[in-house]
Amino acid sequence: MEKRVMTQRKRRTSIAAASAALGGVLVLSACSGGHGGGGGASSSPKQSSQAQAADKAAAQDTSDAKIAITPGNGADNASINNAAKVSVTQGTLTHVSLTTADGTAVKGAIAADGKSWSPQGQLARSTTYKVSASAKDSKGRGADENSTFTTVSPAHSFIGNFTPEDGSTVGVGMPVSINFDKSITDKKDVQSHIQVSSTSGQQVVGHWFNSQRLDFRPQNYWQAGSKVTLKLNLDGVKGSDGTYGVQQKTVSFTVGRNQVSTVDAKTHTMVVQQDGKTVRTIPISAGSPDHTTYNGQMVISEKYKKTRMNGATVGFTDSDGKGEYDIKDVPDAMRLTNSGTFVHGNYWGASSVFGSSNTSHGCVGLQDVKGAGDPNTPAHWFFDHSLVGDVVTVKNSHDKTVQPDNGLNGWNMSWADWQAGSAA
């Protein structure tokens, strides 16, 4: 005959089941008894004693391990960075799983000491997750815990899209610019959770251009060779009623050599200086009298080996509504303003205009060849020797100074005015 041995787990299950069954009888009798209602079963002293013994045995056999899951069961608007944290005291974790509602597993790892678990990556927004955790105590007795929570939705959260990129090398004029995807009303709280610092030790101050854009810069250009770090600690920070931040990120970038180029619209030249020394003087053609180029300090925000330029996109149209120009392969182009000012190569103009007259629709043109990439042309040389974040200053143009928020051009604002726009 096969000898059957009841395991510890089965014994606990049986005890619990017996306890539940007996407890059910007690509750049922309490609801029906006492007043001669008839037909109600009542527990005998023997049954009550058995139930108490079963409860006591189950309590004595309970694991000492205590599992904690963050967030609590049923939580909504949970963090996508700090949710699904599992920890245990008086025991060690043996298994943890995190899955979405459709059963997709999220990778995670139990710490080497067995005391905690966390997911390996950021969770998705507006997603319901289930956590199941198991642990054992020093006697090998098991404990289990479960939790279900839902992460914050896009409608109730905000993010900031920032520039420059992590790990990039930029020019000395590059500000840290953050554009939020929702309007921020609690500007002071949001700004207080963003830090920008430099190894140069320069003071860095934030300036709000509007409810969705916050830029940071020092009083003067960044020091060449310095490293700048941006820390976004916005997870759970209130941006406005009903919206909270979700970002928890640190990025850094390096400032390259100091290059500032000065365009003189009157003399039709651009003087390129690196670390205060002139390295090249280039003949240019700036904006014509009808379409003058902005004055002021402008920062290169984008670089394109070739790009299309259509006048209709910036308001230069003929009577038929089509653009006054539509050039599909403008070479060696670098953006200076959001409104469409570029410094770029020009292969369609006569070589005689460079250095002698202003003929463009507001851009700064340099002599180039079709197709770009010719190292012998001034335009490609400048393109090849420029970084995003380099400064191009225009002077002596019959136009106004560029607005500070038209591109990355906050350098056209006095330091006092810049500081006045801080919510700190």
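## A buried charged pair

Arg 213 and Asp 215 are both buried, and in this predicted model their side chains meet in a salt bridge, with a distance of 2.8 Å from N to O. As a general point, side chains of opposite charge can pair when their charged atoms come close. The pair of Arg 213 and Asp 215 is one of the salt bridges in a structure where a search of the whole finds seven.

## Other salt bridges

A salt bridge also links Asp 241 with Lys 238, whose closest N and O atoms are 3.1 Å apart. Asp 241 counts as exposed because its relative accessibility is 68%, and the cut-off for that word is over 50%. Lys 238, with a relative accessible area of 28%, is partly exposed. Elsewhere, Asp 64, Asp 137 and Arg 141 are linked with one another in a network of salt bridges.

Arg 335 and Glu 302 form another salt bridge, and here the closest N and O atoms are 2.6 Å apart. Arg 335 lies in strand β24 (residues 326-335) and Glu 302 lies in strand β23 (residues 302-310), so this pair ties together parts that are 33 residues apart in sequence. Glu 302 counts as partly exposed, since its relative accessibility is 30%. The two residues also face each other in the pairing of the strands, for Glu 302 stands opposite Arg 335 in β24.

In soluble globular proteins, nonpolar side chains tend to be buried together. In this model, the largest nonpolar core has 30 residues, and those with the most contacts inside it are Ile 178, Phe 180, Val 190, Ile 194, Val 196, Phe 216 and Leu 230. The elements that give two or more residues to this core are β11 (176-180), β12, β14 (213-217), β15 (227-233) and β18 (248-255). A second, separate core has 22 residues, among them Ala 65, Leu 98, Val 131 and Val 246.

Is Val 196 buried or exposed? Val 196 is buried, because its relative accessible area is 12% and the word applies under 20%. When neighbours within four places in sequence are left aside, Val 196 is in contact with Val 176, Val 204, Phe 216, Trp 222, Val 228, Thr 229 and Leu 230. Val 196 and Ser 252 are 56 residues apart in sequence, yet their C-alpha atoms are 9.3 Å apart in space.

## A sheet of five strands

Five strands form an open sheet in the order β21-β20-β19-β27-β22, and their pairing is mixed. The edge strands of this sheet are β21 (277-283) and β22 (296-299), each of which pairs on one side only. From one strand to the next, the twist averages 20°. Strands β22 and β27 (residues 391-395) run antiparallel and are joined by four bridges, and Gly 296 has Val 394 in β27 as its bridge partner.

Within strand β19 (residues 259-264) is the place of Ser 261, a residue that is buried, with a relative accessible area of 1%. Apart from its neighbours within four places in sequence, Ser 261 is in contact with Met 270, Val 271, Val 272, Phe 382, Val 391, Val 392 and Thr 393.

## A sheet of four strands

Another open sheet has four strands in the order β23-β24-β25-β26, again with mixed pairing. Its edge strands are β23 and β26 (364-367), and each of them pairs on one side only. If direction is ignored, neighbouring strands of this sheet are turned by 40° against each other on average. Seven bridges join β23 to β24, and these two strands run antiparallel.

## The chain as a whole

Taken together, the secondary structure of the chain comes to five helices and 27 strands. Of the 424 residues in the chain, 42% are buried. Among the contacts in the chain with a separation of 6 or more, 65% are between residues 24 or more positions apart. The accessible surface of the chain comes to about 21,400 Å², and 48% of that surface belongs to carbon and sulfur atoms.

Definitions and conventions: Residues are numbered from 1 along each chain as its sequence is written. This is a predicted model: local features need pLDDT of at least 70, side-chain atom pairs count only at pLDDT 80 or more; totals for chains, interfaces and linings use all residues. Side-chain values use heavy atoms; hydrogens and water are left out. A salt bridge is a side-chain nitrogen of Lys or Arg within 4 Å of a carboxyl oxygen of Asp or Glu. Buried means under 20% relative accessible area, exposed over 50%, partly exposed in between (1.4 Å probe, protein chains only). A nonpolar core is a set of buried Ala, Val, Leu, Ile, Met, Phe, Trp, Tyr and Cys residues joined through side-chain atoms within 4.5 Å. Contact means heavy atoms within 4.5 Å. Two strands pair if DSSP finds at least two bridges between them. Axes are lines fitted to C-alpha atoms, for helices over the stretch in contact, and angles run from 0 to 180 degrees between N-to-C directions. Accessible areas come from the Shrake-Rupley method with a 1.4 Å probe; for residues, only the protein chains shown count as cover.
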